[in-house]
Amino acid sequence: MKQITQMLVVLLFGLIAVGNAAAEGTESRKQADADYAADRYEAAAAKYEKWVETHPKDHEAWFRLGNAYNNLIQPMKALAAWRAAQKLKPKDPRAWHNMGLLYLRMAVESYDNLRRNVPKNDPMVPFSQHAINSILNLISYRALKEPRKR
């Protein structure tokens, strides 16, 4: 009988510890969301990184982690997080949209680097300027038509 009582006590303490860990985990996600809402992207990214380690199927956390990285000018990390979100929920357009805009921004940077680094008489220079203008027009049009989503 004494052994059964001891086992029940150990089991009860184990369940309490698991419950406390779950509550702490939920609290850390709430803290990440609060930092994100307050535009504290560095703090939010750090908390979302920890969160997705233990909750890898949390689509919204991956999506917000991508947004935080994007706001911290870390495009490769943003892409990786948005890809994770998109794989979990492929019908949610937000990650697709953000990845598309990031790819466009990266294309502009690439064409701008071409324009600045090759001789002015290179035949690719006018093409690069045309590409930059076209992409910027597309981005401007989309920005006017579609508000930024959190």
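Residues are numbered from 1 along each chain as its sequence is written, and side-chain values use heavy atoms, with hydrogens and water left out. Because the model is predicted, local features need pLDDT of at least 70 and side-chain atom pairs count only at pLDDT 80 or more, while totals for chains, interfaces and linings use all residues.

The structure contains 10 salt bridges. One of them joins the side chains of Arg64 and Asp33, with an N to O distance of 3.3 Å. This pair links distant parts of the chain, as Arg64 lies in helix H3 (residues 59-71) and Asp33 in helix H1 (residues 2-37), 31 residues apart. Helices here (H or I, at least four residues) are DSSP runs, numbered from the N terminus.

Arg64 and Glu60 are separated by about one helical turn, because they sit four residues apart in helix H3. With a relative accessibility of 19%, Arg64 is classed as buried, whereas Glu60 is partly exposed at 21%. In these terms, buried means under 20% relative accessible area, exposed means over 50%, and partly exposed lies in between (1.4 Å probe, protein chains only). Arg64, Asp33 and Glu60 also belong to a network of salt bridges that links them with Arg29, Asp58, Asp92 and Arg94.

Another salt bridge connects Asp35 and Lys47, whose closest N and O atoms are 2.5 Å apart. Here too the pair links distant parts of the chain, with Asp35 in helix H1 and Lys47 in helix H2 (residues 41-54), 12 residues apart. Asp35 is buried, at 7% relative accessible area, while Lys47 is partly exposed, at 28%.

Helix H3 also holds Asn67, a residue that is buried at 5% relative accessibility. The side chains of Asn67 and Asn98 are joined by a polar contact of 2.9 Å. A polar contact is a pair of N or O atoms within 3.5 Å; within protein, one atom must be able to donate a hydrogen and the other to accept it, and residues adjacent in sequence count only if both atoms are side-chain atoms.

Note on methods: Salt bridge = Lys/Arg side-chain N within 4 Å of Asp/Glu carboxyl O. Helix = DSSP H or I, 4+ residues; strand = E, 2+ residues; numbered from the N terminus.
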